[in-house]
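Me: I would like to go through the labels used for this model and ask what each one rests on. Please set the value against the cut-off each time.

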Amino acid sequence: MRNRLIGTTAVAAASVIVLAGCSNDAGTAEDVDFSATPTGTLAAWGFENADDVGTARLDYAAEQLSDVDVQLDATAFDSQKFTTRIASGDVPDVVQMDRRYVTQYAAQGLILPLDSCFDAQDVDADDRWYESVVDDVRYEDQVWGAPQFYQPPAIILNKRVMDAAGVTADEIDTSQPDVLLAAIEKMYQESGGVPTRLGFDPVSTGQSALWILGAGGQLTDDDGMPTLDDPSNLAGMELLQRINDAQGGFAQVKSFTDAFDTFGDANQYVTDQVGAQVNAQWYPNVLSPYLEQIDIEAVPFRDSDGEPFSVSGGQAFVIPAGAKNPAAACAWVSALTSDEAWNAAGEARAETRAADGGANTGLFTGSPQPDQAIREKWVTSSGDEGFDQVVATYYDVVDYGTSFGSSPAGQDIQNELNNAVTAALLGDKTAEEALADAQDAAMRAYENATATR
């Protein structure tokens, strides 16, 4: 499920390789006529394993651009391969990638700003996408990608475990650490010092930015420079430390969760291995076949002020500098991210759910209008009140998103933050030392990425 790049759940995870010596002179759109009639051949890359949602959107876009021959390279995006292709002149017209890469390539001049493209297609970026989503690809007052998808995190509760421990949903509150820790201790179980049940799986490294930002931290400044050593980042680190320490320590928690049958019949909710867990919006799709074996609800992740809080990861389409057919590329990415394309995708997903008997959890497209339209038309009751409440919770939190921060070192910042969290939770470094080392590494990446500007 998480490998479908033009589908509903993909996240690219390769590390960024900086192409030394690249000039950004080609990174303007001044000589590109995005308003030209789209014709000819269009080469697109990064479209691995398109599912029903992706196929429906591709079909819709093909109908709109009948004079364009779209040639899809269905291999996964790879950062090193991307920079190598650009350097060699083997330039695709459209590339799909994780949004954390976009600003780096913008800073290096490897992709085109799309403001004039959107003007040519009569697209208002701030109207088409959620603010946090478009902010992911906004840099130096220009928009560099056409975003898609935003699957917010929330906390899925195992009511069976909670009820047995006497824990209520309002105690799973990330804005009240003492209350949360008390609930965790009631639910946690171990044998010989080894966890057999977690009260709460915070997904410490996979959701590290959520915890840091939600506790009032910041990963970048307004210009995209890394700020991992900012003192405000310590609060999230310390809360993660307390949660893990209450359950045997990070090493034990990580070993236990790594053994979860996350996508299988013995998943952590069926087997009561967790009382609560942070999960992105796609995970209820995994749980939907097991409604008769689980008892779940959900609550929002809350920031330090007690407000619902989310972060806006996802993918984007970019047009590389030197693209041979930028006008067709512009029209194509506009069509793929249009309301009409998403409505076609919503209908395709509804047909899939009707065929397999699964619950329809909706689509979280990165765009508010199709999100709401798909929900109203296709998201109906599953027959399980708790599961329906989970789906509704994700719709509730989608409006509370914030950007990770648009930075030329975006992917490196995430990688270094994860390294810092791991080192601190394992006790290899203090939180301050870990964040300082992470800042040094992220700054090197930032300086490399901006050296040619």
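Me: Why is Gly306 called partly exposed?
Reply: In this predicted model, Gly306 has a relative accessible area of 21%. Buried means under 20% and exposed means over 50%, so Gly306 falls in between and counts as partly exposed. Gly306 lies in the loop between β11 (296-299) and β12 (310-311). Its C-alpha atom and that of Phe263, 43 residues apart along the chain, are separated by 31 Å.

Me: Why does Val91 count as buried?
Reply: The relative accessibility of Val91 is 10%, and the limit for buried is under 20%, so the label buried applies to Val91. Val91 sits in the loop between α2 (79-88) and β3.

Me: What is Val91 in contact with, leaving aside its neighbours within four places in sequence?
Reply: Contact requires heavy atoms within 4.5 Å. On that basis Val91 is in contact with Arg85 and Ile86, and with Pro320, Ala321, Gly322, Ala323 and Lys324. Thr393 is 302 residues from Val91 in sequence, and the two are 42 Å apart in space, C-alpha to C-alpha.

Me: What makes β3 largely enclosed by the rest of the structure?
Reply: Five of the five residues of β3 are buried, so the strand is described as largely enclosed.

Me: How do you know that β3 (residues 94-98) pairs with β13?
Reply: Pairing needs at least two bridges between the strands. β3 and β13 have four, in the antiparallel sense, so they count as paired. The bridge partner of Met97 in β13 is Ala316, and that of Val95 is Val318.

Me: What makes β1 (residues 40-45) a partner of β3?
Reply: β1 and β3 are joined over two bridges in the parallel sense. The requirement is at least two, so this pair qualifies. Trp45 stands opposite Val95 in β3.

Me: How do you know that β6 (residues 146-148) pairs with β13?
Reply: There are three bridges between β6 and β13, running in the antiparallel sense. With at least two needed, the two strands count as paired. Gln148 stands opposite Gln315 in β13.

Me: Which residues point each way from β13, and are they buried or exposed?
Reply: In a regular strand the side chains alternate between the two faces of the sheet. From β13 (residues 315-318), Gln315 and Phe317 point one way and Ala316 and Val318 the other way. All of these are buried.

Me: Why is Asp122 called exposed?
Reply: Asp122 has a relative accessibility of 74%. Exposed means over 50%, so Asp122 belongs in that class. Asp122 is found in the loop between α4 (115-120) and α5 (125-128). Ser334 is 212 residues away from Asp122 along the chain, and their C-alpha atoms are separated by 9.4 Å.

Me: What is the phi of Glu140, and what is that of Asp141?
Reply: Most residues other than glycine have a negative phi. The phi of Glu140 is near 50°, a positive value. Asp141 has a positive phi of about 65° and is not a glycine either. Glu140 is found in the loop between β4 (138-139) and β5 (142-143), and Asp141 also lies in the loop between β4 and β5.

Me: Why does Glu140 count as partly exposed, and why does Asp141 count as exposed?
Reply: Glu140 has 46% relative accessibility, which is between the limits of 20% and 50%, so Glu140 is partly exposed. Asp141 has 76%, which is over 50%, so Asp141 is exposed.

Me: How do you know that the radius of gyration of the chain agrees with that of a compact globule?
Reply: For 453 residues a compact globule would have a radius of gyration near 22 Å, and the chain has 22 Å, so the two agree. The C-alpha trace spans about 65 × 50 × 35 Å along its principal axes.

Me: What share of the residues counts as buried, and what share of the contacts with a separation of 6 or more comes from residues 24 or more positions apart?
Reply: Of the 453 residues, 58% count as buried. Residues 24 or more positions apart account for 79% of those contacts. There are 18 helices and 14 strands in the chain.

Notes
Residues numbered from 1 in each chain as written. Predicted model: local features only at pLDDT ≥ 70, side-chain atom pairs only at ≥ 80, totals over all residues. Heavy atoms only, no water. Buried < 20%, exposed > 50% of the residue type's maximum accessible area, 1.4 Å probe, protein only. Rg over C-alpha atoms; globule rule 2.2 N^0.38 Å.
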